[in-house]
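Take a look at the chain below.

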Amino acid sequence: MDFWRRTRLGAAALLDLVLPAECAGCGGAGVGWCASCASDLAAACFPLPRHTPPSPCPPGMPPVIAAARYTGALRAAIVAVKDGGRADARPLLTPLLAQAILVAAAHHQDLALVPMPSSRAAVRRRGEASVTVLCRQANALLGHPHQVLEALSPARRVADQAGLGSAERRANLVGAYAVPPRWRDELAGRDVLLVDDVVTTGATLTEGARALRAAGAHVVASAVVAATQRRGRADVPSGLTR
Ligand SMILES: [Zn+2]
């Protein structure tokens with residue numbers, strides 16, 4: 001094997017380390033995102049981001065604008081980015097979130113984006129706050145980016161939400177988030193848009209909105225990549241941790 005051939009193989013192996021050669025939607029070999037998953041993703045997207053309130057809608061839930069249904073390859077990609085170390089697939093999600101932010105922020109000047117925080121354990125495990133990174137990258141795609149305020153913090157440990165119904169999730173999340181005192185001046189009287197990757201029962205966004213309102217902010221709406229289309233408790237998704 002000559003030098004150039006060895007070097008090219010070496011470079012290809014290195015590229016595999018940087019960009020895992022597996023589809024983030026179906027795990028198929030060879031590409032980061034396959035044609036079949038691309039068409040599946042297109043089918044999951046709404047023609048325009050739309051208001052997708054959970055049913056039942058928790059009291060205090062801000063209006064939520066989603067770009068797509070949380071299903072199929074998109075669902076797999078969101079889980080892969082968040083829990084599977086597939087940051088390379090995040091560029092699939094950022095344009096969707098950017099569109100949802102654009103629609104949710106329409107008619108509001110001087111709006112600040114507040115991403116839902118990850119748990120401290122998740123940040124340690126993943127090395128990043130996944131929704132915050134997604135929010136910043138989506139915001140950067142906008143012609144007129146908003147200020148991003150990382151003003152919400154986890155206030156306590158929360159049990160795994162998987163398998164819990166709507167009321168149980170709400171009870172599990174009471175007091176889960178807080179606004180640290182250093183953000184209070186910045187937030188008082190400010191219009192804010194909550195940002196998350198997925199809305200399921202709305203319990204997380206409702207609790208985030210409660211904490212922001214307690215700090216004096218005006219929560220105009222929330223924006224997410226995807227919304228679950230619930231058909232009762234059995235459809236509550238699992239496998240996604242905060
Ligand atoms: Zn695929």
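Arg50 has Ala66 as its bridge partner in strand 2. That bridge belongs to a model that is predicted: local features need pLDDT of at least 70, side-chain atom pairs count only at pLDDT 80 or more, and totals for chains, interfaces and linings use all residues. Residues are numbered from 1 along each chain as its sequence is written. Strands (E, at least two residues) and helices (H or I, at least four) are DSSP runs, numbered from the N terminus.

Now follow strand 2, residues 64-69. Strand 1 (residues 45-51) runs antiparallel to strand 2, and three bridges join them. Two strands count as paired if DSSP finds at least two bridges between them. Strand 2 also pairs with strand 8 (residues 218-227), this time in the parallel sense, over five bridges. There, Arg69 stands opposite Ala227 of strand 8.

How many of the six residues in strand 2 are buried? Five are, so the strand is mostly covered. Buried means that 20 or more other C-beta atoms, placed from the backbone, lie within 10 Å of a residue's own; exposed means 12 or fewer, and partly exposed is in between.

Next comes helix 3 (residues 72-83), which holds Arg75. Arg75 counts as buried because it has 22 C-beta neighbours inside 10 Å. Arg75 and Ala227 are 152 residues apart along the chain, yet their C-alpha atoms are separated by 9.8 Å.

Step back to the whole protein chain. It has nine helices and eight strands. Of its 242 residues, 43% are buried.
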